[in-house]
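Please open the structure in your viewer and keep the selection tool at hand. We will go from stop to stop together.

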Amino acid sequence: MNGFKNLTVKSLLGKPVRTIVLVLLTALLTLTVLDGSLTQTSLEKGIDSLEARLGADVMVVPYSATTKQKFEDMVLQGSTGYFYMGKNYVEEISQIEGVGEVSAQFFLASASSSCCSLPVQIIGYEPETDFTISPWVKKSYGKKLDTYDVVVGNDLNAFVGDSLYFYGVKVNVAAKLEKTGTSYDTTVFTNSDTIKELIRSSLELKMNDFVDVDPDNVVSCVLINVADGYNPEEVTNNINLHVKKVKAIQTKEMISGVADSLSGVSSVIGILIGAVWVLGAVIMLLAFTMSVNERKKEFAVLRVLGASRGKLASLVMKEALLTGIVGSAAGTLIALVVMVGFGGLIEDLLGLPFLLPSAGAVAGYAAAAIVLTIVTGAAAAAVSAFRISRIDTGVILRGDN
Amino acid sequence: MPLSAESLTKQFIRESKNANCFSAVDDVSLRLEEGTVTVLTGRSGGGKTTVLNMMSGLLAPTKGRVLLDDSDIYSLADKELSRLRNRRFGVIPQGQTAIHSLNVMQNIMLPYTLYNERADEDTLKRAEELLERLDIAGLSASKPAELSGGELRRMAIARAVIKKPDFIFADEPTGDLDDENTKTVFEFLRSAADEGAAVLIVTHEECAAAYADRVMKMASGKIV
């Protein structure tokens, strides 16, 4: 004989349906807790990442871009687009009271490219003044970008050393950026010289919506960090009051809509986790109670053969722990496959920035979910274990006759 | 060393009756000597099984003591009393008492399994012999669901005696057996006593007296 431990395994194998139900239940509980909390965290990280990537207090775009919701869609939803305003606005805006750092950006959407099945957004920045993209690009590419060098977002099917063609212009992939969970993962970044060449080429090929644009004299967007002692709202109002045909937008305000959605989704997920957890705990409590009631006579026999009250309780607890370990391991595996394999789909469905935490953090969440599930199962079984440890052996054995 | 019951009384709460407390056993004294078979008979509800349960360490008396080696077994902590039951007592309960997830041999070896005791070759040989003597040798790998009532009862007897207990408690061991199986079981319990065990049999079978050293009758909780 292989001992008391084997008795636990044999008891579980002896009732396969009951055991499978308990394992599935614990797996479902782990799956819900782990994927729910990972989704919540990924959404929070996504919005943090978006805020960090925007990196400016105020953004100024042509007024026409905001009336069509074009700009916010580009930033938040990842839709492509481009618009231009005169370069003179950069100088005019920098003179407004409270404006600190100023840098211009240039937008263009690709027509087609080998990297991507759909058009991608191309953003150009001025390395001399830029304070948003350069620090981020520097993490992946330590050198200064040469003309015709680009860095690509993490989700694009292009790698360092590849050559891409935009409007017939060959560009080289100098670096691939780290994942942000935002629309920037499908964006191509380059310096202002390169993007001006691309805009020029698109105009020559008559593939640009704008026909009379001089690439050397336009910008798409002006990013601003307010000067010390000023707040972004005040500066935004100043710009909107004093500069015609442009719209200044506080980035915080732009993100607030996303943050509100995130808060709603996060609350729903939290309620769902709580509801499934309570339901799971109740079902496990019932399952263990039924299982122990059904096997009262077997426990009485074990008591007759010399099992102490503690031993009977430990048998129930060991069964709960074993099903908990197997179920939570299976649940964790499924949860990680779902989250890693379908993260993109979840992001698309929710329509919110979504950035999975690091592997270490995911492992931490998985461990916490496993512990929570096992503890829940053990707590549910503890009630039955206590009850079975108090059985009246004589009464149970006589009840049969 | 004998097992002595001194003035055992057991009272139960029965709320459905007007008197909410009744005595199932009232001031019973009994001594089980090694090498003897004691048969306890009497009508149903007379208190026989309650006496057996109290003497086998399964039911604490309301009053009185069960003495083994000069100490009351109910003064022991549950863990110690359970271990004592496992080492020195062999109990054959009423009815079918197989663990259905285990096969016959695994059921018989349960007293060892419970305390992670490794069964040596002699023990395994003894288990095989018990199966032979009880005429269930070919069933060691069978599951309880495949066995008849008589075979299950004989399996329970083998399980109770596998550790060569000093005291064997058999509660209606032939309750659902035919005459032939009844004879086999009583002969087996008699031989266990002949090998040195003290055996207490609670039964309605009149033929049990033929195998006993002492027959006692119980009625209304008292030995009469």
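Is A:R18 buried or exposed? Select A:R18: its relative accessible area is 15%, so A:R18 is buried (buried means under 20% relative accessible area, exposed over 50%, partly exposed in between, with a 1.4 Å probe and protein chains only). Before going on, note that this is a predicted model, where local features need pLDDT of at least 70, side-chain atom pairs count only at pLDDT 80 or more, and totals for chains, interfaces and linings use all residues. Residues are numbered from 1 along each chain as its sequence is written, chains are lettered from A and ligands numbered from 1 in the order in which they are written, and side-chain values use heavy atoms, with hydrogens and water left out.

**Stop one: a buried pair**

Helices here are DSSP runs (H or I, at least four residues), as are strands (E, at least two), numbered from the N terminus. A:E319 is buried too, at 4% relative accessible area.

**Stop two: a pair between loops**

Select A:K179 and A:D155, a salt bridge with its closest N and O atoms 3.0 Å apart. A:K179 lies in the loop between β7 and β8 of chain A and A:D155 in the loop between β5 and β6 of chain A, so the pair ties together parts that are 24 residues apart in sequence. A:K179 is partly exposed at 35%, and A:D155 is partly exposed at 42%.

**Stop three: one helix of chain B**

Move to B:K183 and B:E187, whose salt bridge has its closest N and O atoms 3.6 Å apart. They are four residues apart in helix α7 of chain B, so about one helical turn separates them. B:D179 is also placed in helix α7 of chain B, and counts as exposed at 70% relative accessibility.

**Last stop: a buried arginine**

Which helix of chain B holds B:R154? Look in α6 of chain B, residues 149–161. B:R154 is buried yet has no salt bridge, and B:D135, the nearest side chain of opposite charge, is 4.1 Å away.

Conventions:
Lys and Arg count as positive and Asp and Glu as negative; His and the chain ends are not counted. A salt bridge is a side-chain nitrogen of Lys or Arg within 4 Å of a carboxyl oxygen of Asp or Glu.
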